[in-house]
Amino acid sequence: EKMVELTLPLSKDKIKFHRPSVGETKTLSAFSQGLEKDDKADIKVAAKVLKMLCDELKEESETELRKDLETMEAPDRSAIVPFYFKLIGIDRDELLEKALANLSKTTKN
């Protein structure tokens, strides 16, 4: 299928996404890498994901989407980025485990 649906955990609202192209995935990856030390990175990435992959929201500004996301309940707001990672086949928990394992190998006790 070309379209997938996310049901937000708290509000039960449904958001439809189109599957990202390789170019969209690269754009989102480059965007997220530039936000490593930003404490609002998840909101900024979620807004970018919504703008790029949600056909109903592509005309909205990212600034307005960020404002909307900031007003959402935390469980709903935080569901978008992990959903995107699953959509492109990345298990975020698995990445974190690998990073921690690599860190423990390179850190002196």
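**Overall surface and make-up**

How much accessible surface does the protein chain have, and what share of it belongs to carbon and sulfur atoms? The accessible surface comes to about 7700 Å², and 52% of it belongs to carbon and sulfur atoms; accessible areas come from the Shrake-Rupley method with a 1.4 Å probe, and for residues only the protein chains shown count as cover. This is a predicted model, in which local features need pLDDT of at least 70 and side-chain atom pairs count only at pLDDT 80 or more, while totals for chains, interfaces and linings use all residues. Residues are numbered from 1 along each chain as its sequence is written, and side-chain values use heavy atoms, with hydrogens and water left out.

The protein chain has six helices and two strands (DSSP runs numbered from the N terminus: H or I of at least four residues for helices, E of at least two for strands). From the N terminus on, the order is β-β-α-α-α-α-α-α. Of the 109 residues, 28% are buried (under 20% relative accessible area, with exposed over 50% and partly exposed in between, using a 1.4 Å probe and protein chains only).

**Helix H3**

Glu-62, Leu-65 and Leu-69 are buried in helix H3, which spans residues 62-71. Seen down the axis of H3, these buried residues fall within an arc of 60°, so they line one face of the helix (the arc is that of the directions from the helix axis to the C-beta atoms). Their cover includes helix H1 (22-33), H2, helix H4 (74-77) and helix H5 (80-87).

Lys-48 lies in helix H2, residues 41-53. With a relative accessible area of 17%, Lys-48 is buried. Apart from neighbours within four places in sequence, Lys-48 is in contact (heavy atoms within 4.5 Å) with Leu-28, Phe-31 and Glu-62.

Leu-35 sits in the loop between H1 and H2. Leu-35 counts as buried because its relative accessibility is 10%. Not counting residues up to four places away in sequence, Leu-35 touches Ala-41, Lys-44 and Val-45.

**Helices H2 and H5**

Two packed helices are described by the angle between their axes and the distance between the axes. H2 and H5 pack at about 55°, with axes 9 Å apart (axes are lines fitted to C-alpha atoms, for helices over the stretch in contact, and angles run from 0 to 180 degrees between N-to-C directions). That makes H2 oblique to H5 (under 35 degrees is roughly parallel, over 145 roughly antiparallel, 65 to 115 roughly perpendicular, and the rest oblique). Residues of H2 including Val-45, Val-49 and Leu-53 meet a set in H5 that includes Ile-80 and Tyr-84.
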